[in-house]
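Welcome! Let us take a short tour of this model, one part at a time.

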Amino acid sequence: MLTACSVTPTVWQPYPKKLDYDTAKTGWKKGNLAPDFKFKTVDSNEKRLSDYEGKIVFLHFWGSWCKPCRREIPQIESLYKQIDNPDIEFILLNMNEEFETSMAWMKKRGFDLPIFNSMSGGQSDKTPMTDVSGNRIPYALEYVPKTFVIDRNGLIVFRQDGSKTNWTSYVEVIKNVITESEHQYP
Amino acid sequence: MLKLLTLTLLVTTLNQSVLAEMQNIEKEPLLVKTKWLNYDKLQLKLQASNQAKISLESGFLIEALDKSEIIWSPVLPHKFKFGKGYLMSEKVILEAKLPDNPYNTGLRITYGYCPSEDMCKYQSVDLLIPPKQEI
């Protein structure tokens with residue numbers, strides 16, 4: 001007996017509820033769904049990566065103690081200002097240092113980049129972040145800076161390990177992600 | 001023949017020694033020497049191995065291991081900071097105040113290490129606390 005069925009393409013897959021350890025060990029690969037995790041706004045409100053479902057996320061891990069990270073912040077700021085699109089969220093997360101230190105560094109230099117608290121809690125935290133269940137994430141983000149672009153479907157479409165000297169050249173890359181995502185996301 | 005054997009052995013030993021040193025450098029960019037100054041103060045001399053770029057801005061976090069409970073806890077002061085740039089050829093001398101706990105057997109130093117011009121990471125080196133009779 002034949003059963004009629006319609007196939008609806010899945011354009012959005014929910015973020016995994018819990019990061020499995022194998023994914024954690026291999027880190028975030030291009031083409032994978034970005035694992036969900038928690039962080040905080042400057043006002044200490046809790047956020048999750050999955051809160052940005054439907055948007056494109058430029059996710060950047062950095063620390064003011066890290067010279068290569070500091071070196072590229074002006075470039076990222078320039079990219080941020082050039083993109084200027086409400087559909088794209090820039091999320092900069094501090095690693096291995098107190099959030100106040102990261103904030104003070106940005107403020108002193110007059111950067112407007114949206115920074116968030118990874119809740120790393122200080123320099124001894126080598127596995128600082130937690131998944132949505134509060135489990136610590138031992139994934140391969142130990143090196144900073146590290147950058148990901150996550151599309152509207154939660155897929156990692158771009159990954160950069162280490163610093164870039166010319167972030168403004170990525171304007172086109174990100175614009176392409178916007179264009180591609182518009183076709184995929186209703 | 002004996003000379004050749006001796007020479008071969010010497011070269012092998014040297015190669016092993018060089019290899020061991022290289023592995024050590026590869027493995028641990030921070031070299032640490034410890035010495036008790038008095039009953040609760042431990043002097044730590046930190047030096048970068050082979051010009052490894054160790055961030056001074058990240059500071060150094062030192063924790064002691066209580067082997068009875070297998071707990072790492074920070075020693076005083078909680079964070080050692082030394083200004084800007086990298087720990088290169090010079091040594092940094094710290095004085096860490098350790099709790100008077102006979103079960104404290106190990107130290108862990110966490111620091112920022114930049115293996116290239118493009119990235120940095122946090123990593124730790126674990127070492128044994130020297131016995132106090134060596135004061």
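How many bridges pair strand 2 of chain B with strand 6 of chain B, and is the sense parallel or antiparallel? Keep in mind that this is a predicted model. Strand 2 of chain B, residues 41-48, pairs with strand 6 of chain B over six bridges, in the antiparallel sense. Within this pairing, B:Lys45 stands opposite B:Ile93, a residue of strand 6 of chain B.

Both strands belong to an open sheet of three strands in chain B, with the order 1-2-6 and antiparallel pairing. Strand 1 (30-36) and strand 6 (92-97) of chain B are its edge strands, each pairing on one side only. From one strand to the next, the twist averages 25 degrees.

Now to the place where the two chains meet. Here 15 residues of chain A are in contact with 15 residues of chain B. On the side of chain A that touches chain B, helix 2 (67-83) and strand 6 (143-144) of chain A each supply at least two residues. The residues of that side of chain A divide into six nonpolar, five polar and four charged.

Strand pairing also links the chains: strand 6 of chain A is joined to strand 8 of chain B, residues 120-128, by two bridges, and these strands run antiparallel. There, A:Tyr143 stands opposite B:Lys121 of strand 8 of chain B.

| Strands | Bridges | Sense |
|---|---|---|
| Strand 2 and strand 6 of chain B | six bridges | antiparallel |
| Strand 6 of chain A and strand 8 of chain B | two bridges | antiparallel |

Key
Residues numbered from 1 in each chain as written. Chains lettered and ligands numbered in written order. Predicted model: local features only at pLDDT ≥ 70, side-chain atom pairs only at ≥ 80, totals over all residues. Contact = placed C-beta atoms within 7 Å. Helix = DSSP H or I, 4+ residues; strand = E, 2+ residues; numbered from the N terminus. Nonpolar A, V, L, I, M, F, W, Y, C, P; charged D, E, K, R; others polar. Pairing = 2+ DSSP bridges. Axes fitted to C-alpha atoms, helices over the stretch in contact; angles between N-to-C directions.
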